[in-house]
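Please look over the structure below.

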Amino acid sequence: MGHHARRLLIVSMLVVVGAWALPAAAITHQVDVLIDLDNDVATGCLVSTVEGPFAGVEEILRTLVETESVPVPSAQVVEVQRLSCVGGTTFSAPVQIDPGDWDVGLGLGVGGSHVIETFAPESMIPPSARVLRLAVVIEGSGDEDALLVTVAGGDDPIIFDRQSVLEIPTLGEWGLLLLAALLAFVAAVRLRRRSAVAVLVLVLLVAASGMAWAACILDGDPSDWNPGDQVAHDPGVGPGCIGIAVAALHVREGNPGICMRIDACMLFNEPPVAAAQNVSTPEDTRSPSPSPAPTRTATR
Ligand SMILES: [Ca+2]
Ligand SMILES: [Ca+2]
């Protein structure tokens, strides 16, 4: 192998190693849902946001999201945490609720934003908390946005009224299955055998879909949400979704706890184009290279 060929090989290997060793770093975003459990600004903690102070917060549901830009843009929920009000502006240290590890739906949200699905477990929302007042704050790389009202620019608080949600009798999954089986048995007695099988399948399907209705499906796919679940939005977030911005908040009763969906714009690092340039100085500096030559001519 000639000297030039070997140098070329070393340089190209360094470029490959450089690209491998210096990938564009993931950016971590902190997505906070501020929860006023008793809809009372006089109880709980004060949280300062870029949109102004938000008082009365008993709990913070924190969802950590990592964005990556290589090999293709992607985002994942990497942890869900809970912080409880201690007093004043002080919250407890974050406590893990869930280790995360599900996708964020890129471009699938309101105004082309990204769908971040998360949940507040029952342990965080006591049964006595019937009317919740909410706000969303997102922070990444020192940039921040907040949505404290139903429609950005207005002044209606974001309210999730759990009393307005239809109460399901506390049958439980096995109770529902038992009920379905009982109905199927009655149908089987009254109908001929063949149609009875069809009825059995139908009833079991209805029961199963009834159970799935309440579950939070954490996958970044917004198809398990209804337009009526939206409790707040910022009409100013449009196509392109550049920078940090909260576009919308969806909330619904779930199993277990309360399902939440934050539609937001986030930051993505550029691909590591700089990595190839970093290796332009191999050990072999004596060999003539294209770049120093014009410099020398210029100084003459
Ligand atoms: Ca409160
Ligand atoms: Ca989903």
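Two residues are in contact if their C-beta atoms, placed from the backbone, lie within 7 Å. By that rule, and leaving aside neighbours within four places in sequence, Val-41 is in contact with Ala-55 and Gly-56. Val-41 and Ala-55 are 14 residues apart in sequence, yet their C-alpha atoms are 5.2 Å apart in space.

This is a predicted model: local features need pLDDT of at least 70, side-chain atom pairs count only at pLDDT 80 or more, and totals for chains, interfaces and linings use all residues. Residues are numbered from 1 along each chain as its sequence is written, while chains are lettered from A and ligands numbered from 1 in the order in which they are written.

Where does Val-41 sit? Val-41 lies in the loop between β1 (27-36) and β2 (45-49). Strands (E, at least two residues) and helices (H or I, at least four) are DSSP runs, numbered from the N terminus. The chain has five helices and 15 strands.

Is Val-41 buried or partly exposed? A residue is buried if 20 or more other C-beta atoms lie within 10 Å of its own, exposed if 12 or fewer, and partly exposed in between. Val-41 has 15 such atoms, so Val-41 is partly exposed. Of the chain's 300 residues, 28% count as buried.

Now turn to a sheet. Four strands form an open, antiparallel sheet in the order β9-β15-β14-β13. Strands pair if DSSP finds at least two bridges between them. β9 (114-120) and β13 (230-233) each have a single partner strand, so one side of each lacks a neighbour in the sheet. β13 pairs with β14 (residues 245-253) over three bridges. There, His-233 stands opposite Ala-248 in β14.
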